[in-house]
Amino acid sequence: MTRATNVLVIVLDALREDAVEPSLEEPGRCFKAKSCISAAPWTLPSCTSLISGLDTTRHRHYWHSDAAVASDLVRCVPAGYSKVGLVNNTVLLPASGLNAGFDRWTHFDDHRQPFERAASLIRRARRRKPLFLLLHSNIAHDYYRRGADAYYDEAFPSAPGEAYMLGDKVIGWSGTTPEERVAAAKTYRASAMKAVAYAREVLDLVRARDDFVSVIVSDHGEGLDYDGARIHHGGRLHDDLLRVPLYFDLPSTIPQSQRSDMAAALASTPVAMTDVLPTVLALAGVASIPSVDGCRIGTAPDGRLVVSEDRRYLYLNDRFRLNVKGRGKNMSRLDREQNELLLGQLAGPPILRSYRSDAAKLIMTCLHSRSGTGTPSDDRRSLLKLGERLLGSPVLFLRGNRMFAFELYDLDGDPTERHNLLAAGGDGVEALRASPWATSVTMPIGDETDDTEVDLPTMLEEAERI
Ligand SMILES: [Zn+2]
């Protein structure tokens with residue numbers, strides 16, 4: 001490295017791609033990605049992919065009981081750097097394992113404090129001891145909690161006092177009136193604006209110093225569509241959750257040609273969450289960046305498939321969210337009972353996976369029923385009943401005790417993913433089987449402890465379509 005460049009990674013939790021108001025772009029300096037795809041629809045697996053550069057299908061970090069996440073990317077940041085994490089969500093406490101490799105990792109309950117601490121560290125950064133700073137904020141995420149009303153009043157001063165915090169109704173929005181739902185979405189917008197405003201203050205500091213490579217990204221979005229049963233996050237892989245904002249803010253020491261390449265790549269190709277850190281480190285001049293699933297922006301191979309996954313939650317079409325190992329956070333007694341009942345029917349966690357290739361997106365949900373609880377036809381019936389409760393009118397296939405549900409969307413013609421191309425009948429499944437990327441799409445067929453996966457054409461060959 002010729003010159004140590006500081007690194008700032010700002011993660012604005014649960015910030016939708018369309019909720020950055022006003023934009024953080026600045027010509028020649030701060031560039032926005034046309035499309036950044038998160039690795040998962042909730043905090044822990046998504047932040048793990050961000051920090052490690054690994055796909056969710058590889059790290060499978062969905063549970064806090066797992067060991068520390070040893071990120072080769074954090075490890076490759078030279079020892080002379082001060083590596084600091086400031087986090088604002090209890091999911092990211094040291095029990096997450098994400099603090100591995102950082103010199104300091106501090107959790108804050110308060111929304112303002114992480115930004116204040118970051119500002120103080122940025123002011124004190126010296127060339128002899130450069131900074132690698134991860135700054136995480138939960139402000140947008142917490143729109144359903146007390147305190148968001150202040151953000152609402154600030155954003156909409158002409159109509160103060162009209163915020164609506166969902167509180168423990170956030171998972172299902174149950175019992176809300178149409179007016180409350182409009183106010184809840186507006187409260188989210190106000191909270192997002194506050195998060196962006198704080199991020200901008202920090203950006204102003206690093207822009208004035210001009211020796212930071214900075215990135216602003218979110219870990220996932222937030223569902224605000226009650227009628228479409230697309231609310232909250234986790235348990236779904238629609239683009240309201242997977243498309244996240246991504247900005248790179250570059251110091252003037254980075255040559256013009258590199259900036260133009262970066263701007264062009266961001267404007268044309270979809271970026272995966274796993275690409276973010278390898279790109280930032282390369283821009284900061286870090287040598288020998290290890291090989292991970294993500295790649296430097298602009299170097300992805302043609303026809304790349306971006307994979308996203310969840311194995312912890314599953315949203316059903318009545319807005320019930322199954323939570324594997326849920327301890328009842330924001331769940332009523334009835335919710336917990338239903339949760340236990342459904343988990344009792346399953347041999348393992350549901351697996352939701354999406355593959356995106358240019359404008360096509362395939363979503364696969366795999367449910368594995370517990371056998372031996374009844375006759376094989378009972379097992380089959382309970383799987384099919386669950387299939388009827390899935391979102392998106394998926395096409396169902398059965399293979400032994402597993403059910404595979406497929407949705408295919410044309411993102412150019414149907415960006416909000418309303419029309420499952422496979423649901424209308426016809427030869428959609430045949431076209432899917434023949435698509436050039438079908439052999440890169442894999443799905444699990446083994447038992448809980450068996451990682452066997454087969455590709456899509458093989459699976460379709462062996463399964464029974466329902
Ligand atoms: Zn999150």
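Which residue in strand 22 does Phe397 stand opposite? The residue facing Phe397 is Arg465. Before we go on, note that this is a predicted model: local features need pLDDT of at least 70, side-chain atom pairs count only at pLDDT 80 or more, and totals for chains, interfaces and linings use all residues. Residues are numbered from 1 along each chain as its sequence is written.

Let's stay with those strands (DSSP runs of E, at least two residues, numbered from the N terminus). Strand 18 (residues 395-399) runs antiparallel to strand 19 (residues 402-410), and 5 bridges join them; strands pair if DSSP finds at least two bridges between them. Val395 has Phe406 as its bridge partner in strand 19. This hairpin has 2 residues between its strands, and Gly400 takes a positive phi near 60° there. Strand 18 also pairs with strand 22 (residues 464-465), again in the antiparallel sense, over 2 bridges.

Now for helix 9 (helices are DSSP runs of H or I, at least four residues). Here 7 of the 8 residues in 276-283 are buried, so the helix is largely enclosed by the rest of the structure. Buried means that 20 or more other C-beta atoms, placed from the backbone, lie within 10 Å of a residue's own. Val280 and Leu283 are among the buried ones. Their helix's cover includes strand 1 (6-12) and helix 1 (43-52), where contact means C-beta atoms, placed from the backbone, within 7 Å. Just after helix 9, Gly285 takes a positive phi of about 85°.

Terms used:
Buried ≥ 20, exposed ≤ 12 C-beta atoms within 10 Å, placed from the backbone. Contact = placed C-beta atoms within 7 Å.
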